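Hello,

Here is the structure I promised to pass on. My notes on it follow below, and I would be glad to hear your thoughts.

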Amino acid sequence: MKFYLPTKIYQEPDAVRKHSREMAVLGKKALIVTGRNSSSKNDSLKDVIQGLEHFQTAYLVFDRIEENPSVETVMEAAEIGRREGADFVIGIGGGSPMDAAKAIALMIQNRDSSSEVLYQDIPLKAVPVAEVPTTCGTGSEVTPYAILTRHDLQTKQSISHRIFPSLALVDGKYLASAPLSVITNTAIDALGHLLESYFHANATDYSRIFCQFGMEAWAAGAGILFGMEASPEDYQRMMYASSLAGIAISHTGTSLPHGLSYYLTYQKGIPHGKAVGLFLPAYLQLLPEEYEVQRLMALRSLGFGSLEQFDGFIREMLGSISLSEEELLALGESVLRNPSKLFTAPFEVTEEEIAMMCRYAAKA
């Protein structure tokens with residue numbers, strides 16, 4: 001077995017304020033990377049700025065990261081960071097700003113390089129990255145991955161470089177101002193990470209430890225998704241589950257549901273979490289007979305008594321999508337053309353099984 005996680009993680013109330021010194025001394029000038037609105041509304045941006053100012057660390061803010069950030073936006077932000085002398089990056093928000101922060105950090109360090117190096121398998125370093133998550137989905141604050149939109153290929157794709165954040169400051173209070181739709185979509189993404197990592201060709205006893213604890217934490221906080229009044233502890237639990245799921249996929253990667261989701265997000269504009277979740281019941285159904293006990297244990301850890309009950313939950317939360325026969329074919333081809341994703345499943349994947357997963361997602 002193997003385990004590697006160089007990110008220092010603090011998860012607690014007021015994590016940014018309590019540990020702002022460690023954030024501020026990552027460099028002399030920070031490029032803060034975030035979206036247009038949410039980090040201002042939930043005060044995460046204010047907390048970060050106050051922490052930097054307290055320790056007299058210079059900063060500038062790039063607040064134009066879109067949902068599913070593009071290579072072009074990354075290069076725009078990196079150029080500003082280069083020009084202004086930023087020597088570390090802070091990502092604030094959901095997976096989009098946090099993933100973008102890693103790619104931007106790579107391009108700031110490699111200032112004379114073009115965007116092509118993002119997808120070249122060559123050893124490159126990045127300036128330090130700190131992450132402040134405000135949603136409970138990607139776990140990007142603890143993963144080495146940065147998934148960007150590639151308009152040239154009309155899909156989403158992880159960059160070739162593994163960039164672990166130096167510091168993750170995780171505080172559930174930022175979830176309190178998020179719309180239920182955002183919490184649902186991101187929580188389903190974390191659910192996908194937990195299940196895909198648990199049932200993965202690269203899974204080990206170490207990685208499954210994080211899945212197991214993550215599933216239990218997810219179940220304890222999942223009442224939020226049904227509109228129940230949430231406590232601060234519920235928000236902390238969902239953030240905890242997301243981070244644990246991120247640690248798990250850092251060691252295994254994701255599998256078929258994520259591979260299939262990219263087409264739906266790019267071509268149909270479906271939020272990432274929903275696009276992943278639509279494939280989860282079918283993925284579990286395809287598991288061979290020898291995984292029956294593990295599957296039942298995983299479902300019970302998540303609070304479900306059977307695969308049918310889990311299927312009903314996904315339908316209630318996400319519904320279904322409308323796809324033509326041509327779109328179903330293109331969806332299947334999108335992952336069949338990617339052999340590396342096919343090999344992540346702990347069983348041999350056929351065209352028929354991919355077709356079944358696609359039709360399940362579109363089932364009324």
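A residue is called buried under 20% relative accessible area, exposed over 50%, and partly exposed in between. Please keep in mind that this is a predicted model.

With those cut-offs, D14 counts as partly exposed because its relative accessibility is 29%. D14 sits in the loop that links β1 (8-11) and α1 (15-18), and its phi is near 60°, a positive value in a residue other than glycine. Q56 also has a positive phi, about 60°, although it is not a glycine. Its place is the loop between α4 (44-54) and β3 (58-62), and at 75% relative accessibility Q56 counts as exposed.

The largest nonpolar core has 69 residues, and the members that touch the most others are L191, L195, W218, L264, F310 and F313. Helix α9 (residues 232-252) gives this core its largest share, 8 residues. Setting aside residues up to four places away in sequence, L191 touches W218, L280, L302, F310, F313 and I314. There is also a second, separate core of 30 residues, with L31, A78, I108 and L118 among them.

One charged residue may interest you too. E131, in strand β5 (residues 129-133), is buried yet has no salt bridge. Which side chain of opposite charge is nearest to E131? That is K102, 4.7 Å away. Beyond its neighbours within four places in sequence, E131 has contacts that include G91, M98, A101, K102, S140 and E141, and P165, L167, A168 and L169 are also in contact with E131.

Best wishes

Notes. Residues numbered from 1 in each chain as written. Predicted model: local features only at pLDDT ≥ 70, side-chain atom pairs only at ≥ 80, totals over all residues. Heavy atoms only, no water. Core = buried A, V, L, I, M, F, W, Y, C linked by side-chain atoms within 4.5 Å. Buried < 20%, exposed > 50% of the residue type's maximum accessible area, 1.4 Å probe, protein only. Helix = DSSP H or I, 4+ residues; strand = E, 2+ residues; numbered from the N terminus. Contact = heavy atoms within 4.5 Å. Lys, Arg positive; Asp, Glu negative; His and termini not counted. Salt bridge = Lys/Arg side-chain N within 4 Å of Asp/Glu carboxyl O.
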